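Open the model in your viewer and keep the selection panel at hand. The stops below go from the whole assembly down to one pair of helices.

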Amino acid sequence: MIRGLIILLSFQSAGEIVSRLFSLPVPGPVIGLVLLLAFLIRRGKVDAPIDIVASAMVKNLGLLFVPAAVGVVMFLPQLKANFWAISIALTVSVVATIAVSAAILRFWPGHRQIVAEEHKEAA
Amino acid sequence: MTPALPIAEIWVYLAGSPLFALLLTLVAYEAGLMIYERSNRNPFANPVAIAVILVAIGISLIDMPYAKYFEGAQFIHFLLGTATVALAVPIYQCWDSLRGKVLPLIISLLCGGAVSILTAVFTARLFGADLTIQKAMLAKSVTAPIAMGVAERISASPTLTAVFAVCTGVIGAILARYILDALRLTAWWQRGFAIGVAAHGIGTSRAMSIHPQAGAFAGLAMGMHGVAGAVLIPLIADVII
């Protein structure tokens with residue numbers, strides 16, 4: 001487990017360094033993700049120590065949002081005057097975004113076939 | 001000496017150490033998970049939302065300022081960056097199934113991202129929200145840490161942007177199932193990707209709890225949206241506002 005943690009933190013640090021060195025708009029962890037992905041593709045497999053730590057973290061991803069999101073809740077009363085405008089705008093936007101990105105994938109030419117083939121494989 | 005004094009002293013000590021904030025966060029999340037599982041993973045019983053409400057009630061009851069709470073909970077918050085790196089693993093595991101899907105995924109992401117910005121900004125404008133709020137809507141579909149950086153570059157409020165990003169994540173995690181069912185999407189990768197485009201991390205966390213492939217594609221969408229948003233949103237910000 002420690003070895004997996006060392007590897008993940010190293011990729012995070014590498015991402016942080018690259019992001020700062022080239023003053024990129026993308027934060028360190030996202031670059032770390034890309035670097036780790038490139039490493040895994042080159043290596044052709046996920047070593048057990050990485051898998052153990054990464055799976056545990058990804059499974060509990062929600063927990064990690066809690067401290068920052070509590071700050072959001074404490075901030076909400078300041079938005080009282082615009083409550084409805086904000087709620088409606090966010091809801092409309094989320095529904096439209098999911099619908100459009102989903103519809104493109106579903107109705108992409110040839111995709112129904114890909115989906116069908118995958119289902120056959122699964123069966 | 002009354003026995004109340006030592007207890008008060010112990011309490012002062014506990015509230016001052018990270019222990020209390022950590023314990024409160026973990027207990028609240030565990031409670032959120034229990035309710036989520038009991039409800040048969042009903043999207044409305046979102047574990048993150050439940051945990052956040054419980055923690056907010058908890059620290060309000062004992063008059064703990066948010067800054068004090070965060071001082072302790074930052075150990076959990078820090079791991080968010082590491083967990084983002086860890087998302088490379090589920091994405092790698094569905095790497096082979098990406099063949100033939102790259103172009104539709106990119107188009108889906110770009111159109112979804114554009115729709116997310118336009119609908120948010122113009123709906124807010126239509127309902128009379130001021131310019132500060134409209135600007136903060138621009139980056140809200142991007143994962144919060146990137147959204148805050150983008151907000152700074154387009155001189156929007158990073159705090160307000162983060163608030164909208166988190167709310168977007170929760171709303172998306174709750175509503176996604178109903179929209180995807182209405183559109184009759186059956187493939188997990190399509191469902192996951194659409195959630196990730198709209199609702200970044202909190203949506204990904206919901207997708208992970210439903211199906212590993214949905215989770216992996218949600219993580220992929222979140223990462224792609226983060227990178228594309230960081231580059232493209234500053235370019236179009238002035239045109240829209």
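Over all chains, a search of the whole structure gives five salt bridges, each being a Lys or Arg side-chain nitrogen within 4 Å of a carboxyl oxygen of Asp or Glu. This is a predicted model, in which local features need pLDDT of at least 70 and side-chain atom pairs pLDDT 80 or more, while totals for chains, interfaces and linings use all residues. Residues are numbered from 1 along each chain as its sequence is written, chains are lettered from A in the order in which they are written, and side-chain values use heavy atoms, without hydrogens or water.

Select A:R20 and A:E16. They form a salt bridge, with the closest N and O atoms 3.5 Å apart. Both lie in helix α1 of chain A, four residues apart, about one turn of the helix; helices are DSSP runs of H or I, at least four residues, numbered from the N terminus.

Now show chain B. The contact takes 68 residues from chain A and 90 residues from chain B. How many salt bridges cross the interface of chain A and chain B? The rule finds zero there.

Notes: Contact = heavy atoms within 4.5 Å. Helix = DSSP H or I, 4+ residues; strand = E, 2+ residues; numbered from the N terminus.
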